[in-house]
Structure formats: structure tokens, C-alpha cells
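This report describes one protein model, from its overall make-up down to single residues. The sequence and structure come first.

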Amino acid sequence: MVFAAFTPAVMAGEADVVDVKIVAETGGAYRFDVTVEHADEGWEHYADQWDVVDDAGNVLGSRKLLHPHVNEQPFTRSLSGVSLPDGLTHVTIRARDSVHGFGGREMTLPIPGRGDG
């Protein structure tokens, strides 16, 4: 019985980043439109955050996801006003869920206007 109660959390897996758009904003900041896919099951297990990180793992921006998206998969959320260090040519976007943390599919992509990454 106990095993069956925890099976769905294991089956949902980790949160995956499936699409990212980076848009340069005025003033040198960037907006990130990130699409995440996860088999959200409700408040006990859902995608709860995504981050913009550099190669050293420094978090440059983070979007908290405040509720489950059970009936909206995949879903896209944006974060504006992200300042990126000079000289940085690419970033990695990672997502986490409330059970597994980080570990799903990530995406690394060039920053528009800063070379090919």
C-alpha cells in the first residue's frame, strides 16, 4: 500500500526545458520566455522553478512557479530584466520540480547579439 502511494511521484519524472526564447530589452537586460514540460500531479509534485545559469552554475535569473500546471502542459512563463555579465556569450536554462529538484532536460543557447556562443 505505501509503495503505491508514492509511485505517481516517481512516474512524473523531472521537469524538462523544451523551448527558450531570449529577447534583448532596452537598457541591456534580457527577457527569457521558457517552456517547461512536467507531468504535474498537483501541489505534492509540480514544476516549481526555472533558472538562467552560466557555465560555473551561477544563477543569473530565476522564475518561481507558484502553482501546479496540471492541465497546461507544456507551459511557458517569462522573466524580464535579467542582467547578464559582459563577455558572457551563452547561458543554460534548467528547470526543477518539487520532488526531484533539478535534473531534467536543460537547454544551452547563445545570447542574441553576443556572438555564436
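A residue is called buried at under 20% relative accessible area, exposed at over 50%, and partly exposed in between, with a 1.4 Å probe and protein chains only. By this definition Asp 86, with a relative accessible area of 78%, is exposed. The model is a predicted one: local features need pLDDT of at least 70, side-chain atom pairs count only at pLDDT 80 or more, and totals for chains, interfaces and linings use all residues. Residues are numbered from 1 along each chain as its sequence is written, and side-chain values use heavy atoms, with hydrogens and water left out.

## Overall make-up

Read from the N terminus, the order of elements is α-β-β-β-β-β-β-β-β. Of the 117 residues, 41% are buried. The accessible surface is about 6,400 Å², and carbon and sulfur atoms hold 54% of this surface; areas come from the Shrake-Rupley method with a 1.4 Å probe, and for residues only the protein chains shown count as cover. Among contacts (heavy atoms within 4.5 Å) with a separation of 6 or more, 57% join residues 24 or more positions apart.

## Nonpolar core

In soluble globular proteins, nonpolar side chains tend to be buried together. A nonpolar core is here a set of buried Ala, Val, Leu, Ile, Met, Phe, Trp, Tyr and Cys residues joined through side-chain atoms within 4.5 Å. The largest such core holds 22 residues, and Phe 32, Trp 50, Val 91 and Ile 93 have the most contacts inside it. At least two residues of this core come from each of β1, β2, β3, β5 (75-82) and β6 (90-97). Strand β2 gives the most, with four residues.

## Residues in the strands

| Residue | Strand | Relative accessible area |
|---|---|---|
| Ile 22 | β1 (residues 16-24) | 12% |
| Tyr 30 | β2 (residues 30-37) | 7% |
| Asp 48 | β3 (residues 47-53) | 13% |
| Arg 77 | β5 | 19% |

Ile 22 and Pro 112 are 90 residues apart in sequence, with their C-alpha atoms 7.1 Å apart. Apart from neighbours within four places in sequence, the contacts of Ile 22 include Tyr 30, Phe 32, Val 91 and Pro 112.

With residues up to four places away left out, Tyr 30 touches Ile 22, Leu 79, Val 82, Ile 111 and Arg 114, among others. The side chains of Tyr 30 and Arg 114 form a polar contact of 3.4 Å. A polar contact is a pair of N or O atoms within 3.5 Å; within protein, one must be able to donate a hydrogen and the other to accept it, and residues adjacent in sequence count only if both atoms are side-chain atoms.

Arg 114 is also 28 residues from Asp 86 in sequence and 9.2 Å from it in space, C-alpha to C-alpha. Asp 86 belongs to the loop between β5 and β6.

Which side chain makes a polar contact with that of Asp 48? The partner is Arg 96, at 2.7 Å. Not counting residues up to four places away in sequence, Asp 48 touches Arg 63, Lys 64, Leu 65, Arg 96, Asp 97 and Ser 98.

Arg 77 and Val 36 lie 41 residues apart in sequence, and their C-alpha atoms are 8.3 Å apart. With the same exclusion of residues up to four places away, Arg 77 touches residues including Phe 32, Trp 50, Arg 63, Leu 65 and Glu 72.

## Rings and charges

Rings of Phe, Tyr and Trp (its six-membered ring) pair if their centres lie within 6.5 Å; planes under 30 degrees apart count as stacked, over 60 as edge-to-face and the rest as tilted. The count by this rule is one aromatic pair. The ring centres of Trp 43 and Tyr 46 are 5.7 Å apart and the planes stand at 80°, so the pair is edge-to-face. Trp 43 is exposed at 59% relative accessible area, whereas Tyr 46 is buried at 11%.

A charge sits over a ring if NZ of Lys or CZ of Arg is within 6 Å of the ring centre and within 35 degrees of the ring normal. The charged end of Arg 94 is placed this way over Phe 102, 4.0 Å from the ring centre. Arg 96 lies over the face of Phe 102 as well, at 5.8 Å from the ring centre.
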